[in-house]
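Open the structure in your viewer and keep the selection tool at hand. The stops below tell you what to select next and what is there.

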Amino acid sequence: MSAAGVALMLGGAGILLAAAPAQAAEVSFKTECIPPAISGMPPVQGTTKVQITAPAEAKVGDEVEVVWKTVEAASKNPDVLDLEKDTVKPTGVIKVGGAASGTLNMEGPRQNPPIPKNSPMILPDMKGKLKLEKAGEITLTPDKYNINVSKPMSTDTKCAPKETPAVGATIKVTDGGGGADSGGTTSTGGSSTTTSGGTTTTSGGNTTTSGGTTTTSGGGGGGGQTDFPGKEVAVQFACQSPGPASISSKVTINAKKNGGGYDLTVKTAKGVMNSPAPLPAGALKPSMAVKLGGADSGSVKVEGPANSAPLEQGKPVDLPDMKGTYKPGATGKSTLSPGALTITVNLGGSPIVIPCQVKGSVQASLELDTAQQPGGAAGGGDATAGGAAASGGDSGGGLAETGAEDEGALRALALVAGTVILLGGAVFTFTPWARLRR
């Protein structure tokens, strides 16, 4: 979408409507960028220049596209190593204020020209979609951002304002004459979604929607229903080294009644990640800890089969359906949400385990009317997917915070790796991931 004619996309249906002309304003703010702890480098102080583009006017119920253009990053690529083409990927956060509140997660593609030593960092534009739920003026202010570089290993540099940035854009939202409720603001960055307010309720074959969770009556067997389809929800995962910095995917949790329990099937979107190396059949296997809420607690482990065909380096990877069994531990309305995802790569010897945590909040995909079963889930310890914690993630704004939070783990990784290359605000380490490339 161009700045001269921003379009509004409604509900993912691909229907475009003309919008008021977009606006773009350049905002400069002092910034501190934190290199990974293993580098031993001090924080980098600099100035970030950003242009925020958004429609000048829109209506309640519209979903508008917001674009973050990094005119100038806070630091250069130092005189150490040239960055290859298409190795840099930014993510960021825009603060939403005025008539709405919250944050809008932004994401850019892994797309850049070659960046020579001692030259400015060139970042692709980041985009996000904002659902407008209330009339009034909405302000968009740039906030923290993250720079991920994928080669020779995935690392992140985290940058945050050292002063309060000015508002980058303002959207005047008018009443659209219906179609949207006042259930809150929904913001989507790339494939990541944060939603507050609203539920979808299904009972006796009739469905009423006001946006949010899918609720299915008769989970205890009422009406003879056995299949319970879940709602597709957007999730962003932050993965630990040596995996990709982040994975964004739509996730659906479906259930089928089986006695007093349920057979679960978890589906992800196609092409959720790119293969880091040529992998033979049977090398990559996913699992997830489905998080329980509402009346029940804990989590349920679901697993998928290993890849049936070889994977080509750099080509999109489709994760197979993951399956498991849910035995309710409580009576009442229990929710099932996407939880920690684990990717295991086994090439013989010790497997490489890549844990991925859910970033930010995530909607429940399914709600069931459950009946407590002996030895059910409630009150027990959380099941984990391949060793990954079953937590629903933190509220860190959706940035990919991988490879830099655990200083001890990074230093241990450096000892194993042996070779560390400092590059800008990032650190690249040759790790066991090189086993995949070999």
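**First stop: the disulfides**

Select cysteine 33 and cysteine 159: they form a disulfide, with sulfur atoms 2.1 Å apart (a disulfide is a pair of cysteine sulfur atoms within 2.5 Å). Cysteine 33 sits in strand E3 (residues 22–34) and cysteine 159 in strand E13 (residues 155–161), 126 residues apart. Strands are DSSP runs of at least two residues, numbered from the N terminus. The link is right-handed, with 110° about the S-S bond. Cysteine 33 is buried at 3% relative accessible area (buried means under 20%, with a 1.4 Å probe and protein chains only).

This is a predicted model, where local features need pLDDT of at least 70, side-chain atom pairs count only at 80 or more, and totals for chains, interfaces and linings use all residues. Residues are numbered from 1 along each chain as its sequence is written, and side-chain values use heavy atoms, without hydrogens and water.

Next, select cysteine 239 and cysteine 356, also joined by a disulfide. Cysteine 239 lies in strand E21 (residues 233–239) and cysteine 356 in strand E31 (residues 352–358), so the pair ties together parts 117 residues apart in sequence.

**Second stop: serine 119**

Select serine 119, in strand E10 (residues 119–120). Serine 119 touches Lys76 and Asn77, leaving aside residues up to four places away in sequence (contact means heavy atoms within 4.5 Å).

**Last stop: confidence**

Colour by pLDDT, the predictor's confidence in each residue, from 0 to 100. The protein's mean is 74. Select residues 379–438: pLDDT stays under 50 there. Where pLDDT is low, the predicted coordinates should not be read in detail.

Methods: Helices (H or I, at least four residues) and strands (E, at least two) are DSSP runs, numbered from the N terminus. Buried means under 20% relative accessible area, exposed over 50%, partly exposed in between (1.4 Å probe, protein chains only).
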